[in-house]
Amino acid sequence: MATFYPTQIQTYLHCPRKYFFGKDREIRAKYSKASPHMLLGNAAHDALQVFFDVTRVRPPERTVEKLHELFRDAWAGRAFFSRNGWKQKEAREQAFGGDKATEAAWGKKGLDMLWRYVQTADLAAQPLTAEQFHEIWLTEHITLGGKIDRIDRRADGSLEVLDYKTGKPPRVDWKGGEPVKAPAADDATRRSVRPLGQDDLQLAAYALLVTRKFRGKVARCTYVYLNDDLDLFFEPTDEQIKEKEAEIVAYCDRILADRTFAPTPNPLCGWCDYRPICPEGEAHAATVGAGSSTPVEDVPF
Ligand code: SF4
């Protein structure tokens, strides 16, 4: 029995060799390093998980100060998050190498991002689950798993899957046309809500997971861009979920049959943790100039 996660399948489609390295526990432990993006994203997710947990923070107590307190605790690996204390210390060391000023700048970036999110978020929301792991059987030998940031039950009983994003939204025009920047919020207190307008494996896989596990209708799956007052959503039909299930099973079978995990050098090789043990990626990064341009912010999450 093999379990596949949507993000891992995406990694495989991007570069099979990177997927292979990431699956090897020893290689991953030796080469995969925490980055500032990753640290910020993890602390924001952890803080939001507790913030929207009614058993820990009642809706009237949901203030920006409370969310900031949780974010600082998550960052430091203390209070609610103390079980991660030693891991968090190690991750901070890897990401910042003891450079306190840089670390503080990234922490401030996280505080600003959460402040911005609180201005437009529904603070009365009572999620069904938050940051929980879900798993379903797809075939006799394949299961699909995923940690889903949040599942909300809507007023009509249907479900909404939310995935927090701390990076930049994709540069696509959801009306179909030239790439455009994310739109500004419709007004100062509302989030911009737009259809995603493109195929998305992760959201479709989450729709499949939640439909099966909760035996309910997933009306909407949403990427919540914390820093951009922007929600990009996808409203899956039963037909689309079925199609995506067949596609995911085909990808999983392809991965299981792969014996070579050939590298696919690409523009992100310069930021790949496994480049030191990947001659093809090293050569490619040397030709395009590793680390010479801004990496895509979404990659670590
Ligand atoms: S360096 Fe590039 S080619 Fe090599 S594993 Fe990483 S992403 Fe793939």
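Q: Which strand does Thr 222 lie in?
A: In this predicted model, Thr 222 lies in strand S6, which covers residues 218-225.

Q: Why does Thr 222 count as buried?
A: Thr 222 has 23 C-beta neighbours inside 10 Å. The label buried asks for 20 or more, so with 23 Thr 222 counts as buried.

Q: Which residues does Thr 222 touch, leaving out those up to four places away in sequence?
A: Thr 222 touches Glu 160, Val 161 and Leu 162, and also Asp 231, Leu 232 and Phe 233. As for Arg 194, 28 residues apart from Thr 222 along the chain, the two C-alpha atoms are separated by 9.5 Å.

Q: What makes Val 64 partly exposed?
A: Its count of C-beta neighbours inside 10 Å is 15. A residue is buried at 20 or more and exposed at 12 or fewer; 15 falls in between, so Val 64 counts as partly exposed.

Q: Where is Val 64 found, and what does it touch beyond four places in sequence?
A: Val 64 is found in helix H5, and it touches Trp 115 and Val 118.

Q: What describes the packing of H5 (residues 64-76) and H7 (residues 100-120)?
A: Two packed helices are described by the angle between their axes and the distance between the axes. For H5 and H7, the axes come within 10 Å and cross at roughly 150°, and the crossing is right-handed.

Q: At what angle do the axes of H1 (residues 6-14) and H8 (residues 201-214) cross?
A: They cross at roughly 145°, and the axes come within 9 Å. The crossing of H1 and H8 is right-handed. On the H1 side the contact is made by Pro 6, Thr 7, Ile 9 and Gln 10, and on the H8 side by Leu 201, Gln 202 and Ala 205. Sorted by class, this contact has 4 nonpolar, 3 polar and no charged residues.

Q: Why does Pro 36 count as partly exposed?
A: Pro 36 has 19 C-beta neighbours inside 10 Å. Buried needs 20 or more and exposed 12 or fewer, so a count of 19 makes Pro 36 partly exposed.

Q: Where is Pro 36, and what is it in contact with beyond four places in sequence?
A: Its place is in helix H4, residues 36-51, and it is in contact with Ala 95, Phe 96 and Trp 106. The C-alpha atoms of Pro 36 and Arg 92 are separated by 8.0 Å, although the two residues are 56 residues apart along the chain.

Q: What stands out in the phi of Glu 131?
A: Most residues other than glycine have a negative phi. Phi of Glu 131 is near 50°, a positive value in a residue other than glycine. Glu 131 lies in strand S2, residues 129-137, and counts as partly exposed with 17 C-beta neighbours inside 10 Å.

Q: What value does phi of Phe 261 have, and where is this residue?
A: Its phi is near 45°, again a positive value in a residue other than glycine. Phe 261 is in the loop between H9 (238-257) and H10. With 16 C-beta neighbours inside 10 Å, it counts as partly exposed.

Q: Which residues of the largest nonpolar core touch the most other members?
A: Of its 49 residues, these are Ala 47, Phe 71, Val 161, Tyr 206 and Ala 207. Beyond four places in sequence, Tyr 206 touches Gly 146, Ile 148, Val 161, Asp 163 and Cys 221. A second, separate core has 6 residues, including Phe 21, Cys 269, Cys 272 and Ala 285.

Q: Which residues come nearest to the ligand?
A: Of the 14 residues around the ligand, Cys 15, Cys 269, Cys 272, Cys 278 and Gly 281 come nearest. Helices H2 (16-23) and H10 (279-288) are the elements that give two or more residues to this shell. The shell divides into 7 nonpolar, 3 polar and 4 charged residues.

Terms used
Residues numbered from 1 in each chain as written. Predicted model: local features only at pLDDT ≥ 70, side-chain atom pairs only at ≥ 80, totals over all residues. Near = placed C-beta within 6 Å. Nonpolar A, V, L, I, M, F, W, Y, C, P; charged D, E, K, R; others polar. Axes fitted to C-alpha atoms, helices over the stretch in contact; angles between N-to-C directions. Left-handed = near helix turned anticlockwise from the far one by under 90°. Contact = placed C-beta atoms within 7 Å. Core = buried A, V, L, I, M, F, W, Y, C linked by C-beta atoms within 7 Å.
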